[in-house]
Amino acid sequence: MADEEVQIRSLSLVRMQISKICLDKIADFVKDSMFLEDLDLSWNNLLPLDFCHLFNVLSRNLTLRSLNLSCNTIINKENQNDKVINNAFQSMLDDYVFRRREAAFAGIQYTLDQKYLTNYPVQVTYGLG
Amino acid sequence: MDCIRDDTLVKRAAKIVKQIKVYEIGQKSHEEYFCHTFRNDPNLLYHKVVDEAKEVILPLLNKIVDNKLILKDYTLDSGHLNGLASCLKNKTITIDAVLFDNCGIDDEELAILLEGLLALDGIEHFVYKNNVFLQEGLEAIKPLLLKPDPHNLQELRLVNCATHPYLMTEMI
């Protein structure tokens with residue numbers, strides 16, 4: 001999928017034993033895809049470090065509207081070792097939100113719902129306003 | 001006297017045999033006529049394939065509503081999926097969305113189903129939950145994902161399937 005021209009709009013891989021390598025390939029797909037609007041990777045037992053590449057490339061995607069990462073461990077506030085990752089995640093998320101706000105000015109309205117951004121599970125949802 | 005009785009019996013037997021032959025020929029030609037007339041009927045094709053597989057005929061085609069086939073907790077065997085795939089390959093039915101949730105579909109059966117779906121022009125949504133997804137399914141789903149616009153797959157949902165992590169990596 002990451003190498004070929006796949007024009008899928010909605011991809012859900014829920015509780016499908018996704019590994020870090022797989023998530024990295026999904027991130028590459030997200031980066032290059034001009035069609036993907038919804039991505040659901042919930043319930044895959046992924047850890048904070050696994051998401052680094054995905055969050056790094058999120059800002060390059062212009063089509064994604066919904067990202068569901070619930071029931072993975074993205075932020076572990078209790079673990080001091082994850083503080084750096086937490087900060088990186090927050091920064092990447094802010095970056096993404098900022099870009100989305102820019103997009104709103106361009107005529108596409110986006111709203112951000114951060115109420116799910118808790119310790120566990122985590123769900124980041126971007127929807128059309 | 002006995003000779004006459006035997007003669008009569010032989011004539012009667014011959015008459016019965018003749019009648020049976022005529023009946024058999026008539027039945028055969030009727031079947032041929034029936035099969036020829038309804039050769040494009042999906043129900044006949046589905047029934048034929050499932051019957052050949054010696055499995056209980058389930059009203060699978062009746063579950064297609066508005067070009068959507070939604071099956072939840074509906075156990076299927078390979079005969080049923082073969083029958084469905086035959087109908088799909090024959091293009092006698094049209095489906096644009098399928099959902100199979102806990103249908104007891106194994107890897108080989110998934111490959112059969114996907115081959116059928118690949119023959120369709122407009123399959124847009126493929127939702128596959130609580131079944132098996134392994135190597136054969138992976139190989140079969142790849143061409144479906146690569147279908148070009150406007151016949152491309154819009155939505156792929158794989159949920160809680162028995163699989164292996166490397167297969168997901170290979171798919172992506």
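## How two helices cross

The crossing of α2(B) and α3(B) is right-handed, meaning that the near helix is turned clockwise from the far one by less than a right angle. Helix α2 covers residues 42–52 of chain B and helix α3 covers residues 78–89 of chain B; helices here are DSSP runs (H or I, at least four residues), strands are E runs of at least two, and both are numbered from the N terminus. The two helices pack at an angle of about 145 degrees, with axes 8 Å apart. Axes are lines fitted to C-alpha atoms over the stretch in contact, and angles run from 0 to 180 degrees between N-to-C directions.

This is a predicted model, where local features need pLDDT of at least 70, side-chain atom pairs count only at pLDDT 80 or more, and totals for chains, interfaces and linings use all residues. Residues are numbered from 1 along each chain as its sequence is written, while chains are lettered from A and ligands numbered from 1 in the order in which they are written.

## Who meets whom

From α2(B), the residues include B:L45 and B:V49, and they meet a group in α3(B) that includes B:G83 and B:L84. Contact means C-beta atoms, placed from the backbone, within 7 Å.

## Where chain B touches chain A

Let's turn to the two chains. Here 19 residues of chain B are in contact with 22 residues of chain A. On the chain B side, β5(B) gives the largest share, five residues.

Strand β1 of chain A (residues 10–14) and β5(B) pair in the parallel sense over five bridges; pairing takes at least two DSSP bridges. One pair of bridge partners is A:L11 and B:L156.

Note on methods: Two residues are in contact if their C-beta atoms, placed from the backbone, lie within 7 Å.
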